[in-house]
Amino acid sequence: MAVSSSQKVTKNRQSRNSNSWIMKQARGILPPVVALLVFLAIWQILCPIGSQGLPGPIQVVQGAWDPFIINPFFDNGGNSKGLALQVFASLQRVAIGFSISAIVGVGFGILIGSNKLVYRSLDPMFQVLRTIPPLAWLPIALAALKDNGLAAIFVIFITAVWPILINTTVGVQQIPQDYINVKRVLKLSNKAYFFKILLPASLPYIFTGLRIGIGLSWLAIVAAEMLRSDVGIGFFIWESYNNAYLDRIILALVYVGVVGFLLDRSIAFIATKIVAEDPR
């Protein structure tokens with residue numbers, strides 16, 4: 001059966017669209033892949049097989065292949081767990097601590113940003129507290145809570161709450177005066193003003209704080225687990241260091257970086273679905 005000219009045009013257009021999509025994806029993927037390969041090649045050259053000190057990528061794969069690479073979910077009981085299970089344990093603590101910090105940070109941020117008297121009263125104290133290094137809180141948390149897991153969750157909370165609180169406060173304070181005038185003209189109730197004006201206008205700032213907070217939470221849990229924990233990716237890194245398993249440490253760092261990247265992108269993705277574009 002002969003193919004009509006319109007069908008040929010349609011097929012050609014579809015082929016061009018497909019080729020265009022493939023080229024677009026290639027342009028996005030190819031540069032980082034090439035950069036990664038160059039980095040691995042340089043690393044391997046600087047750390048050849050048989051050299052002492054830092055292992056190269058080939059030595060890392062050889063040393064950690066069985067069971068940490070091929071079986072990340074193994075569980076031999078006690079502290080002998082695969083990297084996926086160690087990461088999952090850390091993520092559980094991060095989920096609890098970060099959720100509490102998000103609730104407290106957004107709630108207090110809205111309150112402080114909406115009331116000038118409350119802002120003037122609490123801001124100096126918060127500015128002092130936020131400069132305290134997260135791990136400095138760990139001894140206090142251990143003394144008060146008597147539990148390593150709860151202390152780690154508290155460190156996550158106290159680390160993540162400040163960027164969330166401060167960004168939320170700034171977001172509320174930056175609401176345009178025109179929006180406030182709309183509330184007065186329409187005589188909106190406080191509830192309607194909150195859901196129709198204040199919250200939508202503050203969301204970009206809130207999500208900025210959440211992205212910073214989730215990154216700091218992941219950093220804090222790794223550090224806290226290295227000091228006081230019996231499971232988690234930070235504990236795994238510290239135990240590997242004590243036993244001179246550098247290949248396992250490097251593999252764990254890859255896990256830490258990838259998980260941190262995914263956490264950040266997850267918050268950013270949620271923000272794109274919730275935060276409306278600024279019409280101004």
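Leaving aside its neighbours within four places in sequence, which residues is Phe 98 in contact with?

## Around Phe 98

Let's start with the answer: Phe 98 touches Ile 156, Ala 160, Ile 164, Leu 210, Gly 213, Ile 214, Ser 217 and Ile 267, where contact means heavy atoms within 4.5 Å. The model is predicted, so local features need pLDDT of at least 70 and side-chain atom pairs count only at pLDDT 80 or more, while totals for chains, interfaces and linings use all residues. Residues are numbered from 1 along each chain as its sequence is written, and side-chain values use heavy atoms, with hydrogens and water left out.

## The nonpolar cores

Phe 98 also belongs to the largest nonpolar core, which has 45 residues; Phe 98, Leu 210, Trp 218 and Ile 233 have the most contacts inside it. Such a core is a set of buried (under 20% relative accessible area, 1.4 Å probe, protein chains only) Ala, Val, Leu, Ile, Met, Phe, Trp, Tyr and Cys residues joined through side-chain atoms within 4.5 Å. At least two residues each come from several helices, including α3 (83-114) and α8 (190-227), and α8 gives the largest share, 13 residues. Apart from this core lies another, of 8 residues, among them Ile 112 and Trp 137.

## Where α5 meets α6

Helices here are DSSP runs (H or I, at least four residues), numbered from the N terminus. The axes of α5 and α6, lines fitted to C-alpha atoms over the stretch in contact, come within 9 Å and cross at roughly 135°. The residues of this contact divide into 8 nonpolar, 1 polar and no charged.

Note on methods. Buried < 20%, exposed > 50% of the residue type's maximum accessible area, 1.4 Å probe, protein only. Axes fitted to C-alpha atoms, helices over the stretch in contact; angles between N-to-C directions. Nonpolar A, V, L, I, M, F, W, Y, C, P; charged D, E, K, R; others polar.
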